Structures are given as C-alpha cells and as structure tokens.
Amino acid sequence: MEDLLQLKNKNFVIMGVANDRSIAWGVAKALHQVGANLIFTYRKERSLGKLNKLLEKNEIQATLIAECDVNSDESIEAAFKKIGEEAGTVHGVIHSVAFAHSEDLNGEFINTSRSGYAFAQDTSAYSFIAVAKAAKPLMTEGGSLVAMSYLGAERAVEGYNVMGVAKAALESSVKYLALDLGKDNIRVNAISAGPIRTLAAKGISDFNQILHHVEEKAPLKRNVTQAEVGDMTVVLLSHLSRGVTGEIVHVDAGYNIVG
Ligand code: NAD
C-alpha cells in the first residue's frame with residue numbers, strides 16, 4: 001500500500017489540529033500510518049500544548065511544528081519560511097481551518113455584520129489562497145493541497161449562515177487555484193465532510209439535530225468519522241488521485257445526494 005500511495009518520507013503540512021477531535025488530527029493519524037513526515041502549524045499556545053501531548057501519547061514524532069495565524073500574511077510567510085529552511089520540499093498541505101464569530105452564526109443570516117462577513121471569509125476562504133501562495137515555492141516536486149468544506153457551501157443549511165458563504169468561496173477558490181497550479185503539477189481539492197463533533201462544530205446551533213438527521217436520511221444511515229475524512233484526504237494527497245484536481249469530494253455517508 002505504501003508503494004501505491006508513494007507518501008513515505010514526504011513532507012506534509014497539517015494546519016488546524018486543536019485537539020484529538022480535530023479533523024486535522026484524523027488526517028495526521030492517517031498520514032502517519034503511511035510513513036509520511038508530519039509538519040504541523042498551530043495558532044495558539046494552547047493548541048501547541050495539546051498537540052505536543054497528542055503526539056507524545058500516540059508516539060508520533062513531528063518533523064516540525066510552526067506557529068501560523070492564517071489571518072496574518074506575515075505569520076503565514078514566516079511559517080512557510082521556517083518550513084522551507086528546516087524541512088525543505090513540501091509535498092502537500094492540509095488546510096483544516098475555519099472560524100466565524102458566534103454572533104454571525106447564530107440567528108438569521110440577514111443580520112450578518114459587514115465585519116463578521118469579512119472575518120469569516122478571511123479566516124476560512126482567503127487563508128487557503130494565501131497558504132497556497134506561500135507553499136508553492138516549496139512544492140518543487142509538485143504535490144497536492146486539500147481544504148475542508150461542508151454541504152452548507154452548496155445548500156442553505158440552517159444555523160450555518162456566514163460560514164456557508166465562506167465555504168462557497170473556499171470551494172470556488174479550490175477550482176481557481178487548481179487552474180493556476182496545474183502547470184506546476186500541484187493539484188488542489190477539497191473534502192466536503194459530513195458533520196463531526198469537534199470544537200468548531202460547537203459553534204453551530206442545532207448540531208445534534210443535524211447529526212440525527214444525517215443518521216436517518218443518509219444512504220449509509222450513519223455519520224462519518226474523523227478517520228474516514230483522514231483516509232480520503234490521504235487518497236487526495238497521494239499518487240492514487242493523480243488525475244484529480246479542482247474537485248470537491250463528499251465524505252458524508254452519501255447525505256448530499258438525498259432530498
Ligand atoms: P477544530 O476546531 O478542531 O479545527 C479548526 C481549527 O481552525 C482549529 O485548530 C483552530 O485553531 C484553527 N483556526 C481557527 N482560526 C485560525 C487562524 N486564524 N489561524 C490558524 N488556525 C486557525 O474543528 P474541525 O471541525 O476539525 O474543523 C476543521 C475544518 O473542517 C474546518 O475548515 C471546518 O469548517 C471543516 N469542517 C468541519 C465539519 C464538522 O462537522 N466538524 C464538517 C465539514 C467541514
């Protein structure tokens with residue numbers, strides 16, 4: 001399998017591990033299983049502490065850990081400078097980062113503030129473009145970028161509000177980045193994950209109801225796991241998906257095809 005995936009000893013930047021429930025942690029575990037080198041970025045010291053504990057507990061050795069606040073171009077540039085200097089070539093980046101102010105998630109979408117809209121877009125969509133730009137010079141052997149999206153980009157999902165619009169921009173950015181970076185043999189895709197109980201999901205009102213609804217309606221009659229999203233991310237990072245770019249892959253137990 002390792003040969004098939006061709007990820008062993010290749011460098012992958014994983015952005016967005018906040019704790020053991022993070023989708024990014026699912027990706028890290030899946031990448032570790034195939035012998036990839038793991039480079040992590042974190043935003044807050046709190047996340048760094050949790051990440052270090054997780055790595056220790058799971059006996060995973062990180063190649064590098066760098067601070068990166070995706071709201072800041074300087075921070076993104078500094079992180080990828082450090083990665084280039086200390087790890088060299090990058091073969092893939094996993095962008096598993098999003099944030100919106102709770103007041104812009106709760107209530108009616110029509111009440112979204114101008115600043116809240118801009119902040120959600122900046123953190124959850126523009127940051128992918130900025131990260132791609134910073135990573136590109138390090139991806140001299142080609143590679144793959146993967147972002148995390150949600151059905152709320154395509155449909156009006158109650159309670160997802162401003163984040164749905166940010167995810168729509170993210171999914172469109174995936175396509176435009178794929179068009180730009182194809183000539184450098186860099187593929188760009190996103191996973192549209194089904195609902196998973198994480199820290200970020202706590203900001204979504206009625207999240208339990210969403211989980212129940214998926215269980216009831218999805219073709220597989222269940223919700224998906226962090227590990228399932230991790231595995232598909234590995235596919236998108238690997239040789240197996242070499243003909244795929246600009247794609248939004250649903251890992252949602254089939255829920256998106258219903259209704
Ligand atoms: P999470 O809270 O574990 O991860 C979100 C991460 O974003 C955290 O690590 C946080 O530190 C990071 N982050 C926020 N602002 C940042 C900034 N300015 N700079 C750097 N990092 C920042 O939650 P998660 O559910 O694992 O979310 C990961 C991704 O998956 C997000 O893009 C989310 O929208 C997406 N997603 C989640 C679900 C779900 O149901 N949990 C479903 C579909 C898509």
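A: Arg197 lies in the loop between β6 (186-193) and α8 (207-217), and Thr198 is placed in that loop as well; helices (H or I, at least four residues) and strands (E, at least two) are DSSP runs, numbered from the N terminus. This is a predicted model, in which local features need pLDDT of at least 70, side-chain atom pairs count only at pLDDT 80 or more, and totals for chains, interfaces and linings use all residues. Residues are numbered from 1 along each chain as its sequence is written, and side-chain values use heavy atoms, with hydrogens and water left out.

Arg197 is partly exposed, at a relative accessible area of 44%, while Thr198 is buried at 14% (buried is under 20% relative accessible area, exposed over 50%, partly exposed in between; 1.4 Å probe, protein chains only). Beyond neighbours within four places in sequence, Arg197 is in contact (heavy atoms within 4.5 Å) with Arg21, Phe207, Asn208 and Leu211. With the same exclusion, Thr198 contacts Arg21, Ser22 and Ile23.

The unreviewed UniProt entry annotates a "binding site" that includes Ser22, Ile23, Arg197 and Thr198; positions are given in the numbering used here, feature names are shortened, and annotations may be inferred rather than shown by experiment. The annotated residues span 185 residues in sequence and their farthest two C-alpha atoms are 23.5 Å apart, so they do not all gather at one spot.
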